[in-house]
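Dear colleague,

I am handing over the structure below, with notes on what was found in it. Please read them alongside the coordinates.

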Amino acid sequence: QCVFRAIIFAEEEVGRSDFVGVMSGCEWCDYKENEWLLYKSLHWSVYLADIQDYVGRCILVLNRHCGSLSELDISEWIELKTIIDRLECIYKEVLGAELSNWSCLLNNFYKDSIPNPHLHIHVRPRYKNAVVINNHLYIDTEFAHHYALKKESLLLDDDRQMLYALMKEKFFYKLRFAHLTIIISRYGKSELGGINTWQVRITNL
């Protein structure tokens, strides 16, 4: 089990654009496609990346326009931590990943004469063993080394659809309802008439 460290955040439904800062002409601010959207909360959107060079690669995009990690506020950091926890749990439990490579580079924005960066984070799960989807074998040939740049997508279309459906189901159910699941574990007896006291922690099942 992956235990959340007592982090509970308020989730909002998709489409709460009134809460986010939008900048015209920004690629991510203007992005409206939901085909590969795994999850959207108040502050972040999580997409299965179009290029599946590493099985399960995702992109986390901040819903408001923001140019760097240092500009995140506390609530955005807290929500990001929770999403990172959930993604890494899914990678390990569902796909058998050994670790994840996280990157926030933003380099391409600075190729423009007037840079207009929008904060987003790439995550590539890494595999010691082969991943099998629909009886197709996918091998991380660079495991234990830096991920390859400009690597072509590995996944067949049907396998990508299956991966998306599986991750969306796990992501939505586990993250949305994890904060509603309270595990009450016996902590010990109090001094008041032998009444049991209890420790409450937040976890996902």
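A residue is called buried when its relative accessible area is under 20%. Cys29 has 8% relative accessibility and therefore counts as buried. Cys58 is buried as well, with a relative accessible area of 0%. Please keep in mind that this is a predicted model.

On disulfides, the cut-off is a pair of cysteine sulfur atoms within 2.5 Å. By that rule the count is zero. Cys29 is in no disulfide: the nearest cysteine sulfur belongs to Cys26 and is 3.7 Å away.

Next, the largest pocket. Its space comes to about 920 Å³. The lining is made up of 30 residues, and those nearest the pocket centre are Arg57, Ile59, Asn108, His120 and His122. By class, the lining residues are 15 nonpolar, 10 charged and five polar. Two strands, β2 (44–48) and β5 (120–126), each supply at least two residues of this lining. β5 gives the most, with three residues.

Helix α1 covers residues 74–95, which is 22 residues. From first C-alpha to last, α1 reaches 31 Å, close to the 32 Å expected at 1.5 Å a residue. The buried residues of α1 include the charged side chains Glu76, Glu79, Asp85 and Arg86. Also buried in α1 are Leu80, Thr82, Ile83, Leu87, Cys89, Ile90, Tyr91 and Leu95. After α1 comes Gly96, with a positive phi near 80°.

Regards

Key:
Residues numbered from 1 in each chain as written. Predicted model: local features only at pLDDT ≥ 70, side-chain atom pairs only at ≥ 80, totals over all residues. Heavy atoms only, no water. 1 Å grid on protein atoms, 1.4 Å probe; cavity = no way out; pocket = protein on both sides within 12 Å on 5 of 7 lines; lining within 4 Å. Points joined across faces, edges and corners; volume = space filled by probe spheres on them. Helix = DSSP H or I, 4+ residues; strand = E, 2+ residues; numbered from the N terminus. Expected span 1.5 Å × (residues − 1). Buried < 20%, exposed > 50% of the residue type's maximum accessible area, 1.4 Å probe, protein only.
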